Amino acid sequence: MNKVKIAVIGLGHMGRHMIHRLLPQYAEKLELVAICDSDESSLNREVEAAGITPRLFTDYRQLLSEVALDLIYIAVPPSLHYEVARIAFEKGIHVFCEKPLANSLDEARSLVEQAEQADVLHAVHFSLPLDPAVLKLKALLEEQAIGGIHKLELYLEFPRWPRAWQQNPWITSRQQGGYLLEVGIHWIQMIQQVFGPITQVQSEIEFPPDSNQAESHVRAIMRLHNGTEIHLLGTDQREGEERVSLVVHGDDGTLALENWRNLYRSSNDAEPQVVPADDIVSPLPILKQIVQMLNGEPGIIYDFYDGYNAQVVLEALRKPGEGFMDLRPQLMEAKK
């Protein structure tokens, strides 16, 4: 079978990770034919460092017009996701997009509809539900290891935002950045996959005086479809190291996923113990799953429906109403 021709659009942190770390692992099945970034010096520097010779563009419209492609990876800022994906769908190109899916709920819904009409593969780069620690957490929950669940707590606490390695013009902006949009979206989507739909949200959010700056403090309650509450606490002024964690409280103890992939279990009368996940075989990375699916093999991805439903919750957190907002009328069911 011929190699899948792929283009990478955007050379921020994730775009660089793609060309330097991920794509080389699948060189026998994927051919990187083009890269686009608005910074020409960055383009030249990164391709030289990677030792590759794709065609280079500073305008994604020109790239999509001139290059024959099977798949694009969208790693530009969120405000550009819609337009890049729209053009790709018009040309029948498969789309692998960074999160969040779009820069607004209207854009996200439109992209879902366009993806279905184009009848191509559409995936959002959500990997947390397939991380070994999360798969282990899910297995323990299925075994009723901590009994019935009565509450979850989600912590998104940072001593500063953005983090030191995230310096770019948009990561602090209220329109495209902030820790809810950049980090919280991962956890929202993972919760939806492991625990089921989030159907109600009550949020209190504080912003800095500068109207261009993203949120500083968030306190929220999200309710699952079965009524179980998720208490969210977010801040960019935490003392000490950052904490990005989910704690699941059960009748017989707790499970805590601390700082992404450290899993702990405790009973009601014992200290937390580390739960190793060495026995878990993860299907990650998502790119591997996409390659399998494009070759006609089974695969696991999170599509634009998943991206849209996560964005429904995200927007309810970022733009709260009075009391609990009922999200059920907005959620979409995938047309599998």
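This is a predicted model: local features need pLDDT of at least 70, side-chain atom pairs count only at pLDDT 80 or more; totals for chains, interfaces and linings use all residues.
**Helix α7**
- Helix α7 is mostly covered, since 16 of its 17 residues are buried, and α7 bends by about 40° at I185.
- The axes of α7 and of helix α6, which spans residues 132-142, come within 11 Å and cross at roughly 35°, and this crossing is right-handed.
- On the α6 side the contact is made by V134, K138 and L141, while α7 supplies M190, V194 and F195.

**The largest nonpolar core**
- The largest nonpolar core has 113 residues, among which I72, L156, W187 and F304 touch the most other members.
- Helix α7, covering residues 179-195, gives the most to this core, with 11 residues.
- When neighbours within four places in sequence are left aside, I72 is in contact with A7, I9, L64, V84, A88, I93, H94, V95 and F96.

**Helix α1**
- In helix α1, which runs over residues 13-22, the buried residues are G15, M18, I19 and L22.
- These four residues lie on the same side of α1 because they cover an arc of only 125° around the axis.
- An α-helix has 3.6 residues a turn, so residues three or four places apart point the same way.
- The elements covering the buried residues of α1 include the strands β1 (4-9), β2 (30-36), β4 (71-74) and β5 (94-97), together with the helices α2 (40-50) and α8 (286-294).

Definitions and conventions. Residues are numbered from 1 along each chain as its sequence is written. Side-chain values use heavy atoms; hydrogens and water are left out. Buried means under 20% relative accessible area, exposed over 50%, partly exposed in between (1.4 Å probe, protein chains only). Helices (H or I, at least four residues) and strands (E, at least two) are DSSP runs, numbered from the N terminus. The arc is that of the directions from the helix axis to the C-beta atoms. Contact means heavy atoms within 4.5 Å. A nonpolar core is a set of buried Ala, Val, Leu, Ile, Met, Phe, Trp, Tyr and Cys residues joined through side-chain atoms within 4.5 Å. The bend at a residue is the angle between axes fitted to the seven residues ending there and the seven starting there. Axes are lines fitted to C-alpha atoms, for helices over the stretch in contact, and angles run from 0 to 180 degrees between N-to-C directions. A crossing is left-handed if the near helix is turned anticlockwise from the far one by less than a right angle, and right-handed if clockwise.
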